Amino acid sequence: MYLNQFLLLAAVLFCLGVYGVLSRKNAVLVLMSIELMLNAVNINLIAFGAFRDNVIGQVFSLFVIAIAAAEVGVGLAIVLLIFRNRADIDLDELAQMKG
Amino acid sequence: MLDNAWLIPLIPAVSFVIILFFGSRLPKKGAEVGILSLGAAFVLSLLCAVEWIGKHVPRHPVHRHTTWFEIGGVDIGVGMFVDGLTVMMLVVVTFISLMVHVYSTGYMHGDRRYTYFFAALSLFTSAMLLLVVADNTLQLMIGWELVGLCSFMLIGHWWEEGVNSSAAIKAFITTRTGDIGLMTGIIVLFFAAGSNFDIEHLNHEALTGGIGHGTLLVGAGLLFLGVMGKSAQFPLHVWLPDAMAGPTPVSALIHAATMVVAGVYLVARLYGVFFSGFSIEAGGINLMAVIGAMTVIIAALLAFVQDDVKKVLAYSTVSQLGYMIMALGVGAWTAAVFHLFTHAFFKALLFLGSGSLIHAVHTNNMSEMGGLRKHMPTTFWTFMIGSVALAGIFPLAGFWSKDEILLGALEDGFPIMLVVGLMGAFMTAAYMTRACYLIFAGEYRGHGHPHESPPSMAWPLRILAVPAVLAGLLNAPGIGLFHGWVEFEVEGVPHFLELHEFNPVLAGGSLVVALLGIAAASAYYYRGALNGLGTRVPILMTVHRTIVNKYYLDHLFLGIIRGIQYPLAKAAYWVNQNILDGVVNGVGKAAQRTAQVTYDVIDQRVIDGAVNGAGLSADEGGSILRRLQTGRVQQYAALLFGAVAVLAMGLVAFT
């Protein structure tokens, strides 16, 4: 067991997340990709914690999970409202905040 | 109970949450929760007072502190510091707030945001109590800002009308302006006292010379800026009269117990800092005394020309707060605190009385009242008691406390402040006479049928009238209990506040001045009453017309004089037109030319150029930057990730 393996896994997961956030049109899928990125971070935290015999890594990842749950709750609520107003959640069409 | 005084701010805070979430489902729409919690808080405050008074002299304050968290060795905590001043404030705030709660059930009956109103009242009281028990400046500031927020919410309670919401915003922003000073002042003192927020410690350091005088002056001056905003001192007093846009019970609460007295309380609580910072002991002139004195006069003058009954009272509060600040400025600490104590009762009484009037006649304008004595006997009597107490007539509350302030100014070597105080006493008595005359005397000038208010409004008035009469006796000569109860002590510092012997000559003098004020005002306004009478009775009409025309003496004199005067006037006119006007016009032309040159060169080219240049550059910068803002979330995210990637690469490359 090497630390590198975990870090590599996390990096791959994170890159997948970034790709999803940047390329997906559907807002729900963008939210899911954000979750991927958060979980990549969690893997990093737990891996470092386990390899350095430190419990703080796990504590932090628990915090991240809790906050991610709240964030998804808010995000989905926003998406729901947008859908009700426009019958569409395509992010490319959502450009009213244009300067 | 003293050890658990922290319960007192907690009770209204809990009631705020309960009213907010469950209030509208309760049978009385949340009002009962507010009244019960304030009743409990008042009883607990009274228990505190009894325990404090029963302590062995010298009474040691109760100080409890819990660390919330520590950061860099600095202790950030919550705590309570209870001494005589705190206990006095606890009793006053909870009592006035209880009265206002009961009164509001009548006054706000059927309001569209009834429950919300009671929730905000509870939070308001809780915030003020939090401020009062605070043992460190950070906690004090949290309470201070919460009080400001609640006043904003309550002044703008009827926000559907633009006037009300702008009044709320004005109050908020004006006090915030002062709060910048408060915040920087707290920071300055924090570093000066060795990274410490503790109020007792600050006072101790300030009085024993632990903080340099220059730093202390800066700190006290900055804090005083906050006080000027909150306690409506000139020139930041502008928000208080506008704050009358809120419901009347709120005005009573703001003026008597919460909000505006917070500033006075802050000075009293941190008096060591102000005392040494402004070198009050040395006598002479200091910022606090001067601002206070200016406020007394300016506000009292304004009170004369108001038609809105609440605005008269508002300016009166500003003026009385000026008294308190002036008293603190001259070193008369006990007098200031005592005036705060008595003023709370009679000003709450007056405001609730004016609310009762407004409730009956549906207008704030005194020109549409008049003759209400017959229609509203309870309101009349209680309002008169409040007015007489405010005017400072023996033996009501205002007499004793105002007299102590004057005494302090005299004995501590501030003769100007004594004169200002006496002038203020004269004007206070006069404008209250005017207000009472316009409201209660003569005939009813409005429309509709005024009626006495319901018992829920009349009883608070009756109850408040009792302390408005008796509160002053607590510190009267021969009794003199009050100063012993509240006296300001800092551990390890010899007693520095002097108490002065009662001076019968000065007390008599101030009473005479106040009576003169009443006499002058009634002479003026009752003559006005004769005029009104003269337009109705035929014989009197002739007399009246004669008086208006100054007995036709002018016509007589004009006839005689015209024969001599006319040629003289003609000659004078020629001199005026040809000689004097020539000089004046010449000067005028020269000034005009200079102005024209200044305008063309300096204003148009230099100043406008700079202003327009600034505008243009911002405009062009904006039009370049707006292209970045496409409104597409993913593009932003791409920029963000790209930037992070560049930074990460930089980090790897350079380390």
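Here is a short chat about chain B of this predicted model.

Q: Hi! What does the secondary structure of chain B come to?
A: Chain B has 25 helices and two strands.

Q: OK, how do strands β1 and β2 of chain B run, parallel or antiparallel?
A: They run antiparallel, with nine bridges joining β1(B), residues 62-71, to β2(B), residues 74-82.

Q: Which residue in β2(B) stands opposite V62(B)?
A: That's V82(B).

Q: And how many residues sit between the strands in that hairpin of β1(B) and β2(B)?
A: Two residues lie between them, and in this hairpin G72(B) takes a positive phi near 60°.

Q: Switching to helices: at what angle do the axes of α11(B) and α14(B) cross?
A: The axes of α11(B) (residues 260-269) and α14(B) (residues 309-330) cross at roughly 5° and come within 10 Å. Angles under 35 degrees count as roughly parallel, so these two helices are roughly parallel to each other.

Q: Which residues meet there, between α11(B) and α14(B)?
A: From α11(B) there are V260(B), V264(B), V267(B) and A268(B), and they meet T317(B), L321(B), M324(B), I325(B) and L328(B) of α14(B). By type, that contact has eight nonpolar residues, one polar and no charged.

Q: Zooming out, how much of chain B is buried?
A: Of its 655 residues, 48% are buried. The C-alpha atoms of chain B fill a box of roughly 105 × 75 × 60 Å along the principal axes.

Q: Last one: how many residues does the contact take from chain B and from chain A?
A: It takes 10 residues from chain B and 10 residues from chain A. On the chain B side, four are nonpolar, four polar and two charged.

Methods. Residues numbered from 1 in each chain as written. Chains lettered and ligands numbered in written order. Predicted model: local features only at pLDDT ≥ 70, side-chain atom pairs only at ≥ 80, totals over all residues. Pairing = 2+ DSSP bridges. Helix = DSSP H or I, 4+ residues; strand = E, 2+ residues; numbered from the N terminus. Buried ≥ 20, exposed ≤ 12 C-beta atoms within 10 Å, placed from the backbone. Contact = placed C-beta atoms within 7 Å. Nonpolar A, V, L, I, M, F, W, Y, C, P; charged D, E, K, R; others polar. Axes fitted to C-alpha atoms, helices over the stretch in contact; angles between N-to-C directions. Parallel < 35°, antiparallel > 145°, perpendicular 65-115°, else oblique.
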